[in-house]
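Biologist: I would like to learn how to read a few features of a model. Please take them one at a time, with the general idea before the case.

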Amino acid sequence: MPYRAPVEEFSFLLNNVVGFDEVSATSMFEAASPDVTQAVLVEAGKLCDEVLAPLQRIGDMHPARLENGVVRTPPGFDVAWKAIAQGGWVGMAADPEFGGMALPMAVTSAVNEMMSGACLSLQIAPLMAQGQIEALQHHASDEIKALYLPKLTAGEWTATMNLTEPQAGSDVGALSSKAQPNGDGTYAVTGQKIYISWGDHDVADNICHLVLARLPDAPAGTKGISLFLVPKFIPNADGTLGAQNTVKVVSLEHKLGLHGSPTAVMQYDAATGWLIGEKEGGMAAMFTMMNNARLGVGGQGTGVAEAAYQHALSYARERKQGKSAIVEHADVRRMLGTMKADIYAARAIGLTCAVAIDMAHATGSADWQARAALLTPIAKAFGSDTGIAVADAGIQVHGGMGFVEETGAAQFSRDVRVTAIYEGTNGIQAMDLVARKMADNGEAAHRLLDEIEACAEHAKTTLPELAEAVWQASESLRESTEWLVSERDMNARFAGATCYLRAFARVLGGYLHLKAALAAPGGPREALARLYIRRLLPEHIALLAQAQIGADDLYGLTLEELAA
């Protein structure tokens, strides 16, 4: 299965489009110079091409399995994990005090996306570890940090996040897992969790579970939830492994895709755990990990989209129909051009979000924090939606052969589908955008729109047609944002939330394509920007119209009429 990590694409975006020069100009990230960043991207690309990509099909054909209580991963996954760990790729953004590289999130996101394109089933494991590392850095005690972070950063131990229960999905507040104080500073954690990515495996020595549970007499709902670190093996003070904890795998999920990734049902039976953060502050602590993961999941979608596109393009260039290869057919060109244009938009939005996160960390600026918060749900939802759409188009490019598993085209679609569901469904991302992220009356959104329009004004002298289209789209989005923040009926906002998020992403995509065309005029980047702005950007008009309809028509049919 052909895959080539898009190293030069990331270099172009970081150097010309997403403002990474501001990040490397800060004292926190001054070591991330262009030459260092390029070297990191090149080495990561080699790892993806040579070590991870060959495991993509192997993981699908030889799924993770549970044998006599032991989870076995696909052949080669253990060797690849060691390569990831020994290369320092788990701890890219981690604190050097614990063995990390302290690289910017923008660079980490680029590497994670390339790994996702190479083998998403395996990439989930380092992404989970990175999220847990960040959560522990922010919320754990010094003793926990000193014991766990070096092992997690080095990839000697892996990590999970345990939220979902059979009766508590997106409504996390309905969870029933309990934590009883043991009287020695530890807690006995009891409950069952489902959908736990990399909940157990055979590639590393220990697995560190972050588990949401309730203390005795805790209030109902999310306010009564605390967070606990529950290791598979209880470590000794020197970091060596002690007794096995009372946590076990009940079963592995039989999934649509991602067969190489073991997704477990976990059972905790008075398992020893340590409180992370404040009592009844579990959701705040877990959201540190979840927000990290949401940006990562958007990158997973974009990474799979890149792999699916490369696969489809290779097939289209080789497959003859009539006298020529199908790549010469107009409709195939439409599909391939749309795939490539949307991949660029999704990737650029994700990196723009990562840059905002970096600038917020480096400067402490409230404006950068607000921008990062605003962009996170857009990056997650649009990246994963793009992965699904591009993988689906890849099957179509293959025609009948796309429906045949041996070509590998269908695997991309099966693997990426879950990215729109986990770490908060894309509908929840949209609701978050129009509610919590608009609590500032849209100020962060308007600041971003001001920048888009300033760029469009600048571009009018050299690219007048493209610039005018982007400027007009930005104004339409501004008007819709003003309507949104004036609407006090939250259900009316929620009814149009998905369309509003999609429209916002479309406008951001036009803006970021325009910046690429300005940086490299007259060539393929301008041609791709022209395709996106002419063919895809106009979707924002219909999307914004739907965003402002309200909710009444959604309830116009009774439940009985829906079922008729």
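This is a predicted model: local features need pLDDT of at least 70, side-chain atom pairs count only at pLDDT 80 or more; totals for chains, interfaces and linings use all residues.

Biologist: Is Cys-119 buried or exposed?

Modeller: Cys-119 is buried, at a relative accessible area of 1%. Its sulfur lies 10.0 Å from that of Cys-48, the closest cysteine sulfur, and that is again too far for a bond. The cut-off for a disulfide is a sulfur pair within 2.5 Å. By this rule the count is 0 disulfides.

Biologist: Next, cavities. How many cavities of 30 Å³ or more does a search of the whole structure find?

Modeller: In general, rolling a probe the size of a water molecule over the atoms shows where empty space is left. Here the search finds 2 cavities of 30 Å³ or more.

Biologist: Which residues line the second largest cavity?

Modeller: The lining consists of Gln-56, Ser-116, Gly-117, Leu-120, Val-304, Ala-307, Phe-412 and Asp-415. By class they divide into 4 nonpolar, 3 polar and 1 charged.

Biologist: Which helices each supply at least two residues of that lining?

Modeller: Helix 6 (105-139), helix 8 (282-318) and helix 11 (409-416) do. Helix 6 gives the largest share, 3 residues.

Biologist: Now strands. How do strand 4 and strand 5 run relative to each other, and how many bridges join them?

Modeller: As background, in a regular strand the side chains alternate between the two faces of the sheet. In this model, strand 4 (residues 178-181) and strand 5 (residues 187-197) run antiparallel and are joined by 4 bridges. Lys-178 stands opposite Thr-190 in strand 5. The two strands form a hairpin with 5 residues between them, and in the turn Gly-183 has a positive phi of about 90 degrees.

Biologist: Last, what is the span of helix 16 from its first C-alpha to its last?

Modeller: To read a helix, set its span beside the expected value. Helix 16 (residues 497-519) has 23 residues and reaches 33 Å, close to the 33 Å expected at 1.5 Å a residue. Helix 16 is also mostly covered, with 18 of its 23 residues buried.

Notes:
Residues are numbered from 1 along each chain as its sequence is written. Side-chain values use heavy atoms; hydrogens and water are left out. On a 1 Å grid over the protein atoms alone, a cavity is a set of points where a 1.4 Å probe fits but cannot get out, and a pocket is an open set with protein on both sides within 12 Å along at least five of seven lines; lining residues have an atom within 4 Å of a point. Grid points are joined across faces, edges and corners, and a volume is the space filled by probe spheres set on the points. Ala, Val, Leu, Ile, Met, Phe, Trp, Tyr, Cys and Pro count as nonpolar, Asp, Glu, Lys and Arg as charged, and the others, Gly among them, as polar. The expected span of a helix is 1.5 Å times one less than its number of residues. Buried means under 20% relative accessible area, exposed over 50%, partly exposed in between (1.4 Å probe, protein chains only). Two strands pair if DSSP finds at least two bridges between them.
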